[in-house]
Amino acid sequence: MTTTISAPTISGAPHSDNVMTRARWAMVDTWTITKRNILTYTRIPEALFFSTVQPIMFVLLFVYVFGGSIHTPGTTYVNYLMPGIFVQTVAFGSVQTSIGLAEDLQKGIIERFRALPMARSAVLTGRTTADLARNILTIIIVTVVGFIVGFRPTTGVLAYLAGILVILMFAYALSWGFAVIGLSAPNSEVAQVVSFPILFPLVFASSAFVPVSQMPGWLQGFATYQPVSVTISACRALMLGGPTAKWVVQSVLWAAVLLVVLVPLAVHRYRTRT
Amino acid sequence: MQYSIEADTLKKTFTGKHEVRALDGVSFGVAEGTVFGLLGPNGSGKTTAVRVLTTILRADSGTARVLGHDVERRANLVRSLIGLAGQYAAVDENLTGRENLEMVGRLNHLGRSQVTGRAKDLLEQFDLADAGDRILKTYSGGMRRRLDLAAALVARPTVLFLDEPTTGLDPQSRNDLWEVIESLVGGGTTVLLTTQYLEEADRLADTLVVLDHGRVIAEGTPEALKADLGATVLEVGLESLEEARRSAVLFDALGTHTPVVNGTVVEVTVDNGPESAMLGLRSLDQEGIIPSAFTLREPSLDDVFLALTGRRTENETPSTEDETAQKRRRGRRRRAGQAMPIATGELQ
């Protein structure tokens with residue numbers, strides 16, 4: 001450091017421009033913000049509800065109410081459904097990213113963060129990392145409920161975990177998209193309202209609940225290759241067998257493309273939002 | 001002179017639905033170890049000035065320095081030297097008081113033992129030790145503001161920015177907070193505070209500037225400003241408009257400024273309250289005018305504005321702040337209005 005400070009300070013870290021030091025502090029700050037966000041989730045009943053009770057309701061609803069009338073060739077409906085439910089719950093859960101960021105902006109906590117000597121990136125990385133943690137919890141809950149209602153994966157533990165990994169990767173990429181929405185919305189209500197029209201076609205015009213072959217012809221192309229369906233197909237292949245490589249590669253590509261586009265966009269929105 | 005905070009012709013225009021010139025060439029300097037007040041009504045540019053000085057917002061042009069460091073080029077260094085508290089820099093209402101302070105400590109990159117130590121000390125210092133492990137949702141307004149101030153002090157900043165630190169507080173909590181701020185200044189901290197209340201600026205600030213529409217319209221010590229204005233306001237209510245007009249002519253000789261007629265109420269600022277009151281009543285008596293109300297009061301920001309600009313403060317009209325900030329502020333103001341009879345009485 002070359003500048004002298006006119007008064008003593010105990011601010012711990014020396015202000016180094018060293019890349020390694022800055023990267024280390026960025027990670028420390030990300031962890032601090034992540035912990036704060038996780039703590040917040042446990043204290044907001046709505047957020048907890050979205051991450052725990054709602055996914056369970058969806059499993060029960062589709063298995064017992066709609067399941068009987070949907071025909072899935074080659075496997076039971078529960079087996080067909082569960083990969084879809086996984087992706088659907090993490091997709092719906094990512095709305096929490098936009099709501100959380102919009103709320104932080106609205107309530108002025110981000111103003112305080114901006115005046116602190118922390119890594120700027122940590123507000124966003126800490127948010128998306130906390131959402132990743134929340135998604136892991138959701139997936140564990142859904143897995144348990146799935147097994148209770150008769151879900152029986154056929155490929156083995158490692159393949160099952162690989163399927164979960166594919167979902168988490170997609171969920172993480174999606175979080176950045178909803179971060180963009182949260183940073184663009186004037187308040188958390190608008191963030192929520194804007195998020196659902198984006199999610200609904202992705203989640204419901206997908207192979208999550210109904211085989212694409214049972215949809216009208218004009219919808220099948222979109223419903224097969226859009227990211228939610230591709231991720232579900234990869235997950236299904238990993239958990240239930242069938243051609244795997246094609247779908248896994250496509251789902252990794254989708255996640256990579258989304259991240260490459262959405263991360264810079266979110267960072268830009270964060271920088272320019274006054 | 002050694003300035004801890006310097007602003008040099010800062011300009012900031014917000015574009016959007018309405019183009020708003022929030023800062024229109026604002027310059028001032030704050031001497032080390034003093035309290036500096038930015039006084040002005042809503043939308044005068046106070047908060048924008050604080051946001052530029054605390055590195056949150058970039059000015060369109062002009063320069064700002066804190067302890068000699070440019071706030072744009074050395075932003076991270078500046079952030080490690082300052083503390084910010086106030087109406088926008090919020091605390092997290094889903095965390096406990098202690099968790100809030102510890103989070104700020106960690107984000108200031110303090111060592112582990114310092115983080116917990118500072119949180120504990122500050123909770124005690126701000127009379128929040130018992131409430132330290134309660135979630136903020138259960139805190140009163142005054143407790144929140146104290147925690148907010150404590151959060152700004154975690155890294156022992158040498159320069160402190162307080163954006164309307166007491167807006168929305170009841171008189172008792174305000175007084176408590178004033179005492180805390182005064183003790184900080186005794187410890188050598190340089191403080192910049194924004195306020196809408198002349199009373200607050202008078203009590204806390206060594207020097208102040210008055211902002212209006214993003215421009216500095218007056219600067220000096222509170223004493224000089226008040227002396228310039230007149231120490232007391234004589235407010236007389238009358239039965240008719242005609243009597244008000246006649247009274248204004250009588251009071252012209254008493255006041256430091258021309259009396260202002262507002263309906264049937266005449267206001268005049270005077271140097272010597274009791275004496276002027278006596279003279280005023282006597283002259284009314286001679287004319288056979290009997291007032292319906294007669295009050296002596298401290299001058300308010302509104303009076304300062306009236307004296308400086310010839311018009312009253314326009315609180316809710318054309319904003320000079322970005323819209324989200326303003327919306328936030330409106331919500332608070334509404335709540336604040338009920339709890340603040342003392343100083344807001346004069347601010348419509």
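In what order do the four strands of the open sheet in chain B stand, and in which sense do they pair? Hold that thought, everyone, and have a look at the model while I talk. A quick reminder before we start: this is a predicted model.

So, to the answer. The order is E12-E13-E11-E14, and the pairing is antiparallel. At the edges you will find strand E12, residues 260–262, and strand E14, residues 293–297, of chain B. Each of these two has a single partner strand, so one side of each is left without a neighbour in the sheet. From one strand to the next, the twist averages 20°.

E12(B) is paired with strand E13, residues 265–270 of chain B, through three bridges in the antiparallel sense. If you want a landmark there, find B:Val260, which stands opposite B:Glu267 in E13(B). Now bring helix H9 of chain B into view, residues 241–251. Helix H9 lies across strand E11 (232–237), E12 and E13 of chain B, and its direction makes an angle of about 10° with E13(B).

Stepping back to chain B as a whole, we have 13 helices and 14 strands. As for burial, 52% of the 348 residues of chain B count as buried. And of the chain B contacts with a separation of 6 or more, 69% are between residues 24 or more positions apart.

On to chain A. How many helices and how many strands does the secondary structure of chain A have? Twelve helices and zero strands. The radius of gyration of chain A is 21 Å, close to the 19 Å that the globule rule gives for 274 residues, so chain A is as compact as a globular protein of that length. Along the principal axes, its C-alpha atoms fill a box of roughly 75 × 35 × 35 Å. Buried residues account for 44% of the 274 in chain A. Looking at chain A contacts between residues at least 6 apart in sequence, 81% join residues at least 24 apart.

Two places in chain A deserve a stop. The first is helix H1, residues 19–43. With 25 residues, helix H1 of chain A reaches 36 Å from first C-alpha to last, close to the 36 Å expected at 1.5 Å a residue. Its buried residues include A:Asp29, A:Arg36 and A:Asn37, along with A:Ile33 and A:Tyr41. What do the buried residues of H1(A) pack against? Within chain A, the partners are helix H2 (45–51), helix H5 (95–107) and helix H7 (122–148), and from chain B there is helix H3 (97–107).

The second stop is A:Ile85, in helix H4 of chain A, residues 77–93. Is A:Ile85 buried or exposed? It has 26 other C-beta atoms within 10 Å, and because 20 or more make a residue buried, A:Ile85 is buried. Leaving aside residues up to four places away in sequence, A:Ile85 touches A:Pro55, A:Phe58, A:Val59, A:Phe62 and A:Val142. A:Gln96, eleven residues from A:Ile85 along the chain, has its C-alpha atom 17 Å from that of A:Ile85.

Key:
Residues numbered from 1 in each chain as written. Chains lettered and ligands numbered in written order. Predicted model: local features only at pLDDT ≥ 70, side-chain atom pairs only at ≥ 80, totals over all residues. Rg over C-alpha atoms; globule rule 2.2 N^0.38 Å. Buried ≥ 20, exposed ≤ 12 C-beta atoms within 10 Å, placed from the backbone. Contact = placed C-beta atoms within 7 Å. Expected span 1.5 Å × (residues − 1). Pairing = 2+ DSSP bridges. Axes fitted to C-alpha atoms, helices over the stretch in contact; angles between N-to-C directions.
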